[in-house]
Amino acid sequence: MLVPHQKVALKVLETGHAVPLDKESWENLREKVGIERVPPNASAHPEAVEEIRKIAKKTGFDKLVEEKEE
Amino acid sequence: MAKKSFYHFLGCIIPHRYPSVESAVKLVFKDLGMDLLDMEGATCCPAPGVFGSFDRVTWATIAARNLTIAEAGGHPITTGCNGCFASLWDANYELKHDDELREAVNENLAAIDREFKGTIEVWHYVDALYSHVGLETIRKQVTRPFKGVRMALHPGCHWMRPKLIKQKDDSERPHIFRELCETSGAEYVPYKDELICCGAGGAVRTADVKIALEFTKQKFDSLLEAGGADMIITPCPFCELQLDMGQVEIQKHFEEEYNFDVLHVVELLALAFGHEPDEFGLKTHLQYMQRKSEPNWERLGIEVKT
């Protein structure tokens, strides 16, 4: 597993998205095109992220992608 | 007749990097009398290249969780991303045909009080527009035909493949995406490498952006050898990102400059239906934001009101 791929997987467990809404500038961009600043996906629903974490724990995926000691 | 309604699966790149696509599809579907319903709490599809490669059951469980949101409301899903379509359509198909996988996934979903039932279908925007609306109805909405504008296509990989299972279009001789784009009145320009990957998919961009850009560069050079085009149209935001912002990155890594306007098919249709570029934010594409430039309005045949 390459580190960049591991980081993408961890990002999904952390935010619910591989490419998250992680800067105010992205919210500004949404506003600029005439839609709500935060979309109705996991970006607006922390409980959805919690569900993803529970799934990862149940399947062992969290262990598969966790950061390993060198 | 009741309006056709779809749950709108946004994915990651459309809402978080190319929101003009989200804005444009709302205009297009509304013009065509279709409803897009919010999928509250949907997550990453999850990314097929990373999750699908590492652990099939986790990939299918997260995809199935997204599917259960639509199942609860009883409407099909539509998405404008080839990668999201790959995860959601493939997982939906596999879970309906593989009892062992379905059992494992539902055991995982039970931990969050959900169950995959297999009651809905997944449609790409291209699919929904072609099959549910039809080309003739779409043509009737066109008030700003792209007459004389030369249009190259990048269909991408996942919408049609694997073709024997998906049965959407012939992935080696596709025509549906072309016919949909041609409703805009633009002139289709074929080029040798039209069907190769943009370079981003299969987790390649994540692993090594320079290798990903070599694919992109090959596509651009192939298009230029065929005489060039005034715009490139794609049905996928990840391909759009790679072809659009990729031009800035190619300049940085290879010191070669390309200047193509790259549009998602729903942005093309929004313009063809008479919407102004500012109504959905065409200028917010990352290429323009980073280069501090604008679309080539003259080449696109669009008169911009100032």
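Guide: One term to begin: two residues are in contact if their C-beta atoms, placed from the backbone, lie within 7 Å.
Visitor: Anything else to know before we look?
Guide: This is a predicted model, where local features need pLDDT of at least 70, side-chain atom pairs count only at pLDDT 80 or more, and totals for chains, interfaces and linings use all residues. Residues are numbered from 1 along each chain as its sequence is written, while chains are lettered from A and ligands numbered from 1 in the order in which they are written.

Visitor: OK. Leaving aside neighbours within four places in sequence, what is B:Thr143 in contact with?
Guide: B:Phe273 and B:Gly274.
Visitor: Where does B:Thr143 lie in chain B?
Guide: In the loop between α8 (135-141) and β5 (150-153). Helices (H or I, at least four residues) and strands (E, at least two) are DSSP runs, numbered from the N terminus.
Visitor: Is B:Thr143 buried or exposed?
Guide: B:Thr143 counts as exposed, because it has 9 C-beta neighbours inside 10 Å. The cut-offs: 20 or more other C-beta atoms within 10 Å is buried, 12 or fewer is exposed, and in between is partly exposed, with C-beta atoms placed from the backbone.
Visitor: How many residues apart in sequence are B:Thr143 and B:Val304?
Guide: They are 161 residues apart in sequence, and 15 Å apart in space, C-alpha to C-alpha.

Visitor: Now the sheet. What's the order of the four strands in chain B's open sheet?
Guide: The order is β6-β5-β7-β8, with parallel pairing. Two strands pair if DSSP finds at least two bridges between them.
Visitor: Which strands stand at the edges?
Guide: β6 (187-188) and β8 (262-264) of chain B. Each has a single partner strand, so one side of each is left without a neighbour in the sheet.
Visitor: How many bridges join β5(B) to β6(B)?
Guide: Two, and the strands run parallel. B:Arg150 stands opposite B:Glu187 in β6(B).
Visitor: And how many bridges between β5(B) and β7(B)?
Guide: Three, again in the parallel sense. B:Ala152 has B:Ile232 in β7(B) as its bridge partner.
Visitor: What about β7(B) and β8(B)?
Guide: β7 (residues 231-234) pairs with β8(B) over three bridges, in the parallel sense. B:Ile233 stands opposite B:Leu263 in β8(B).

Visitor: Which helix runs at about 170 degrees to β8(B)?
Guide: α13 (residues 237-254) of chain B, which lies across β7 and β8. Helix α14 (residues 265-272) of chain B also lies across β7 and β8, but runs at about 85 degrees to β8(B). Axes are lines fitted to C-alpha atoms, for helices over the stretch in contact, and angles run from 0 to 180 degrees between N-to-C directions.
Visitor: Switching to helix pairs: at what angle do α4 and α5 of chain B pack?
Guide: α4 (residues 56-73) and α5 (residues 82-97) pack at about 95 degrees, with their axes 9 Å apart. That makes α4(B) roughly perpendicular to α5(B); the label covers 65 to 115 degrees, with under 35 roughly parallel, over 145 roughly antiparallel and the rest oblique.
Visitor: Which residues meet there?
Guide: Among them are B:Ala60 and B:Leu67 in α4(B), and B:Leu88 and B:Ala91 in α5(B).
Visitor: And how do the residues of that contact divide?
Guide: Seven nonpolar, three polar and one charged. Ala, Val, Leu, Ile, Met, Phe, Trp, Tyr, Cys and Pro count as nonpolar, Asp, Glu, Lys and Arg as charged, and the others, Gly among them, as polar.

Visitor: Chain A next. How many helices and strands?
Guide: Four helices and zero strands. The radius of gyration of chain A is 14 Å, well over the 11 Å that the globule rule gives for 70 residues, so chain A is more spread out than a compact globule. The radius is taken over C-alpha atoms, and the rule is 2.2 Å times the number of residues to the power 0.38.
Visitor: What about chain B's radius?
Guide: Chain B has 19 Å, which agrees with the value near 19 Å for a compact globule of 306 residues. Chain B holds 17 helices and eight strands.
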